[in-house]
Amino acid sequence: KGLQRRATAYSMLKRFAKAVEDLERALTFEPENRELKRQYNKAKKDLDEQVKEKALRKAHRVATSDSSADAVTETSEDMKGLSTVEKLTQIVKPKVASKWKVEVLNKDESEDADVEEDKDSEKENEVPSVKSRTEEILRALIELDVLLKEKEDLRTYIRSCGGLKALTDHLIGKELDIRQVRDSSSGGSEAAILLVPVLKVLLTACLNDFNQEEALKDHEVLKTIITLLTHSDKTVVRNVTALLSTCTPTDVTRKALALELKRQVPAVNALVALLSSADAVDQANAIALVGNCALEANMRSALKDVGNDDGATFIHTVVKLLDSKLHPIVERAANLLANLCGDSTLQKRIVEGSSAVKMLVKALPSPP
């Protein structure tokens with residue numbers, strides 16, 4: 001137990017080599033301990049990712065610092081992707097003290113006369129600057145998404161060069177407000193056009209397991225992303241649901257997600273509504289997200305409150321999915337019901353509903 005606790009502490013400090021060492025020693029005493037094996041496999045995976053990240057950083061540093069012709073020829077092709085990701089990350093990174101903001105601030109502080117005229121002038125000067133900056137970020141995001149889809153190494157490197165933080169900083173409005181609905185007639189934010197591309201790049205980056213925890217470890221970021229489940233733009237909701245469902249297999253992220261969803265009742269209601277979506281992709285992502293989070297007591301508690309009837313309404317919604325003609329939907333719905341059984345009240349509701357049991361049996365694969 002002492003070795004296991006110390007390994008947990010090492011992992012929290014990202015000293016994965018030490019964690020693996022302690023867990024290997026612990027397994028010599030308890031070779032059949034399943035929790036030890038799970039923790040060891042996780043620490044080993046984290047160590048491998050950490051070693052790869054350091055190797056990529058070193059290789060890129062050597063390649064960019066070695067000016068000899070031979071070195072450039074040998075490494076340019078391999079390092080081109082890393083260099084491009086780093087360059088694009090620098091473009092995407094929020095520039096809090098951007099030029100247009102400084103100009104507006106100076107005007108506000110130095111001029112007292114003709115205030116209304118100045119404000120109109122500032123607004124006219126500000127919009128083109130914001131538009132230009134928005135277009136610059138948008139081009140970089142589109143290129144980043146293409147690159148990250150091509151290679152796992154690039155998904156690792158975007159974390160190393162600060163790209164993940166740049167993306168999440170935009171979500172919480174560190175430079176421009178990208179979360180408003182883009183509607184020029186009502187004065188919506190021009191920068192709102194960036195929201196979906198930011199979510200898409202973040203989703204692609206989170207195909208790397210290590211990035212999932214890193215991207216969502218900040219509570220403000222997690223809270224903001226979950227709030228976006230209630231966004232009026234369906235494309236935003238689709239990308240948020242896909243992103244969160246991708247991240248739920250990771251224990252740490254799933255627990256944090258379940259806790260925050262319990263706090264955000266409108267987001268839970270929005271997810272439950274998606275279970276009945278006519279769009280199969282949205283529906284499948286929503287079921288996967290709710291099903292994985294249902295492993296956690298916080299999520300099961302939140303689902304019991306849907307309809308204010310101890311989960312009866314929610315279970316009825318899920319049971320209807322078992323009659324879907326799409327096998328992935330049926331499979332995920334059955335998995336969701338199984339995870340709900342971790343709560344005695346929900347388990348009772350499932351068992352009491354004869355239709356639920358019958359459809360579960362119907363959903364089981366036929367014997368060979």
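What follows is a walk through the model, from the whole chain to single residues.

**Before you click**

This is a predicted model, so keep the thresholds in mind: local features need pLDDT of at least 70, side-chain atom pairs count only at pLDDT 80 or more, and totals for chains, interfaces and linings use all residues. Residues are numbered from 1 along each chain as its sequence is written, and side-chain values use heavy atoms, with hydrogens and water left out.

**Stop 1: the whole protein**

Colour by secondary structure and you'll get 20 helices and 0 strands. Those come from DSSP runs numbered from the N terminus (helices are H or I, at least four residues; strands are E, at least two). Next, colour by burial: 44% of the 368 residues are buried. Buried means under 20% relative accessible area, exposed means over 50%, and partly exposed is in between (1.4 Å probe, protein chains only).

**Stop 2: the largest pocket**

Select K42, D46, E213, T250 and V252. Of the 28 residues lining the largest pocket, these lie nearest its centre. The pocket holds about 850 Å³ of space.

How is that defined? On a 1 Å grid over the protein atoms alone, a pocket is an open set of points with protein on both sides within 12 Å along at least five of seven lines, where a cavity is a set of points where a 1.4 Å probe fits but cannot get out; lining residues have an atom within 4 Å of a point. Grid points are joined across faces, edges and corners, and the volume is the space filled by probe spheres set on the points.

Now highlight α1, α3 (34–65), α10 (209–216) and α13 (251–263), each of which supplies at least two lining residues. Which helix gives the most to the lining? That's α3, with 8 residues. By type, the lining divides into 7 nonpolar, 8 polar and 13 charged residues. Here Ala, Val, Leu, Ile, Met, Phe, Trp, Tyr, Cys and Pro count as nonpolar, Asp, Glu, Lys and Arg as charged, and the others, Gly among them, as polar.

**Stop 3: two loops with positive phi**

Most residues other than glycine have a negative phi. Jump to K14, in the loop between α1 (2–12) and α2 (16–29), and you'll find phi near 65°. K14 is partly exposed, at 40% relative accessible area. Then try D310, in the loop between α16 (297–304) and α17 (312–321). Its phi is near 55°, and D310 is partly exposed too, at 41%.

**Stop 4: inside the helices**

Stay with α17 and pick T317. Buried or exposed? T317 is buried, at 13% relative accessibility. Leaving aside neighbours within four places in sequence, T317 is in contact with L275 and S276.

Move on to L203 in α9 (residues 195–205). Not counting residues up to four places away, L203 touches A242, L243 and T246. Draw a C-alpha to C-alpha distance from L203 to D145: 9.2 Å in space, for 58 residues apart in sequence.

**Last stop: cysteines**

Select C293, which is buried at 0% relative accessible area, and C341, which is partly exposed at 29%. The disulfide count (pairs of cysteine sulfur atoms within 2.5 Å) is 0.

Terms used
Contact = heavy atoms within 4.5 Å.
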